[in-house]
Amino acid sequence: MLSIQNIHKRFGDTHAMNNISLDLKPGLFGLLGPNGAGKSTLMRTLATLQKPDEGSITYDGQDIVVNPDVMRSTLGYLPQDFGVYPRMSAKALLDHIAVLKGINNKKDREEQIISLLQNVNLLKHSSASVATYSGGMRQRFGIAQALLGDPKILIVDEPTAGLDPFERQRFLDLLSEAGEDKIIILSTHIVEDVRDLCPDMAIMGEGKIVARGAPETLIDKIRGKVWRKKIDKDMLDETKTKHQFLSSRYLMGGVIVSVLADTKPEAGFEKSDVILEDAYFAHLNGLV
Ligand SMILES: Nc1ncnc2c1ncn2[C@@H]1O[C@H](COP(=O)(O)OP(=O)(O)OP(=O)(O)O)[C@@H](O)[C@H]1O
Ligand SMILES: [Mg+2]
């Protein structure tokens, strides 16, 4: 088990991680939060690239802040910005990364690399440089390099941002196939990524975990309390201040607003089915 206890990280006045505690078991865990919430800071800390200012992190009882090698020997990490790719073939680059990960046997490396390239559907393109890949291909390459060495912990930071719907689904399928015996942490600001994939999740906002549980459980908390109405867009500001506002979206010349209320808030509001996005905004806006 990966156990995070009361960790903090400050950058000047920014409290990027504010007393975060989480216990994570094998399975897919979704970390959902808006830009600047602190997701990458948490992931970099778990990947032992950065130390928390306070608090402790243990993996199977071993302190990984004090002994980062415990984590590094069993970690696959796909950072948010994978960065610059050297001008070498995808296959050669995987081989290079495999050596860095300590897979010393050449035959082992070769077998793993071919099998991973096949899984992520890049075998055909394995002699091209990753620099020439499309966004989706890069992310699939990214998951292949993260899976080298069969890590027990897999951390992927906003892997679906910028992917088209087809590539996004393809990437999520790869993640769900990655194995039930691994702790997989997926950070994203795309609510559907988590809803469709993760049996366990947390919502992070301004450095804090504001909710934790199964998507269905978070939805259940506000079931029957979400109301929607189409209003004139001039009325949006007023509606936001008058009600427990969740979200709004433009729809054909008007705005659909969603609010939280125990009873019908005003004429025209209809009680609505609750989606995970409602739970996300309810927690982020401090309404539950
Ligand atoms: N190295 C750093 N130096 C200064 N501030 C930092 C640093 N890293 C993160 N921050 C700040 O910490 C906060 C959290 O940033 P972080 O990148 O962890 O958020 P995030 O949830 O990953 O956002 P995004 O969805 O945009 O990737 C932000 O206010 C950010 O500006
Ligand atoms: Mg980030």
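How far apart do the C-alpha centres of domain 1 and domain 2 lie? They are 34 Å apart.

This is a predicted model, in which local features need pLDDT of at least 70, side-chain atom pairs count only at pLDDT 80 or more, and totals for chains, interfaces and linings use all residues. Residues are numbered from 1 along each chain as its sequence is written, while chains are lettered from A and ligands numbered from 1 in the order in which they are written.

**The two domains**

Select residues 2–219 for domain 1 and 222–284 for domain 2; such bounds come from an automatic or database domain assignment. Their contact (C-beta atoms, placed from the backbone, within 7 Å) takes 12 residues from domain 1 and 9 residues from domain 2. On the side of domain 1 that touches domain 2, at least two residues each come from α7 (191–197), β9 (200–205), β10 (208–213) and α8 (215–220). Helices (H or I, at least four residues) and strands (E, at least two) are DSSP runs, numbered from the N terminus. That side of domain 1 divides into 10 nonpolar residues, 1 polar and 1 charged. Here Ala, Val, Leu, Ile, Met, Phe, Trp, Tyr, Cys and Pro count as nonpolar, Asp, Glu, Lys and Arg as charged, and the others, Gly among them, as polar.

**Ligand 1**

Next, select ligand 1 and the 14 residues around it, each with its C-beta atom, placed from the backbone, within 6 Å. Phe11, Ala16, Lys39, Ser40 and Thr41 come nearest. Two or more residues are given to this shell by β2 (14–24) and by α1 (39–46), and the largest share, 3 residues, comes from α1. The shell holds 3 nonpolar, 9 polar and 2 charged residues.

**Helices α3 and α4**

Move to residues 90–100 (α3) and 106–119 (α4), which pack at an angle of about 130° with their axes 10 Å apart. Axes are lines fitted to C-alpha atoms, for helices over the stretch in contact, and angles run from 0 to 180 degrees between N-to-C directions. Show Lys91, Leu94, Asp95 and Ala98 in α3, which meet Arg109, Gln112, Ile113 and Leu117 in α4. These contact residues comprise 4 nonpolar, 1 polar and 3 charged.

**Helices α5 and α6**

Finally, select α5 (residues 135–147) and α6 (residues 165–177), whose axes come within 10 Å and cross at roughly 5°. The two helices are therefore roughly parallel to each other (angles under 35 degrees). Gly136, Gln139, Arg140 and Ile143 of α5 make the contact with Glu167, Arg170, Phe171 and Leu174 of α6.

Terms used
Two residues are in contact if their C-beta atoms, placed from the backbone, lie within 7 Å. Angles under 35 degrees count as roughly parallel, over 145 as roughly antiparallel, 65 to 115 as roughly perpendicular and the rest as oblique.
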